Amino acid sequence: MQYPLNVSKSGPFSFSKGLPLWAQLTAGLLVILLLFFLAINSNPYVSAWDEENSNFYETAMQALRIFNITPTAPTAFIFWDKSMEECAPAIRAFRSSPSNLRIYGVHLTSSESLQIRKEWMKHAPGRASLLIDRQQLLQTAFHARTTPMVYILLPKQKKIYSYLGNIDDNRERMLEIISSE
């Protein structure tokens with residue numbers, strides 16, 4: 001038994017007008033391939049300073065208390081990994097930061113801390129401190145999913161700003177954020 005196929009010749013999905021189905025599918029595939037190519041060849045560290053919500057601030061402050069850190073001035077937290085080439089320029093960018101900015105490097109590891117400290121000292125500003133987040137407490141509290149990730153904490157305003165990548169492209173905005181405290 002054969003059942004008749006009812007296909008409407010009008011409406012938005014009509015195949016009697018416009019491009020044939022094979023051409024529509026080919027065009028769609030080309031668009032998808034173009035988007036994929038652009039995604040894998042684009043700079044993944046293009047970012048903007050994003051203001052985080054107030055719950056984010058409180059969670060971060062609780063985690064910092066575990067490390068005996070109570071910021072009283074603008075404070076930068078740089079989440080980094082010594083195996084990533086992108087992290088070194090992001091760390092070095094803070095060598096010319098304002099003197100009132102406190103700087104902490106947060107390394108996400110459970111490996112040898114002496115080697116990590118040597119790598120940090122090679123790139124970091126002289127006044128910066130290093131935190132080794134073995135139990136990933138800060139990583140979890142700050143929602144740091146990749147490196148380099150920078151957070152500027154403003155304790156008087158109870159705000160945190162985040163930035164993915166090297167801050168050189170957005171240094172002016174960082175200076176505005178720090179001077180607003």
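Helix 4, which spans residues 113-123, has as its buried residues I116, E119, W120 and H123, where buried means under 20% relative accessible area, exposed over 50% and partly exposed in between, with a 1.4 Å probe and protein chains only. Seen down the helix 4 axis, these buried residues fall within an arc of 100°, so they line one face of the helix; the arc is that of the directions from the helix axis to the C-beta atoms. This is a predicted model, in which local features need pLDDT of at least 70 and side-chain atom pairs count only at pLDDT 80 or more, while totals for chains, interfaces and linings use all residues. Residues are numbered from 1 along each chain as its sequence is written, and side-chain values use heavy atoms, with hydrogens and water left out.

The face of helix 4 turned away from the buried side carries the exposed residues K118, M121 and K122. What covers the buried residues of helix 4 includes strand 2, helix 3 (87-92), strand 3 (102-107) and strand 4 (129-132), contact here meaning heavy atoms within 4.5 Å. Helices (H or I, at least four residues) and strands (E, at least two) are DSSP runs, numbered from the N terminus.

Among these covering elements, strand 2 deserves a separate look. Six of the six residues of strand 2 are buried, so the strand is largely enclosed by the rest of the structure. In a regular strand the side chains alternate between the two faces of the sheet. In strand 2, T75, F77 and F79 point one way, whereas A76, I78 and W80 point the other way, and all are buried. Strand 2 pairs with strand 3 in the parallel sense over six bridges, and with strand 5 in the antiparallel sense over five bridges; two strands pair if DSSP finds at least two bridges between them. F79 has V106 of strand 3 as its bridge partner, and T75 stands opposite L153 in strand 5.

The loops hold some backbone exceptions. Most residues other than glycine have a negative phi, and most peptide bonds are trans. N68, in the loop between helix 2 (54-66) and strand 2 (75-80), has a positive phi of about 60° although it is not a glycine, and at 71% relative accessibility N68 counts as exposed. H143, in the loop between helix 5 and strand 5, likewise has a positive phi of about 60° without being a glycine, and at 41% relative accessibility H143 counts as partly exposed. P148 also lies in the loop between helix 5 (137-142) and strand 5 (149-154), and the peptide bond from T147 to P148 is cis, with omega near -5°.
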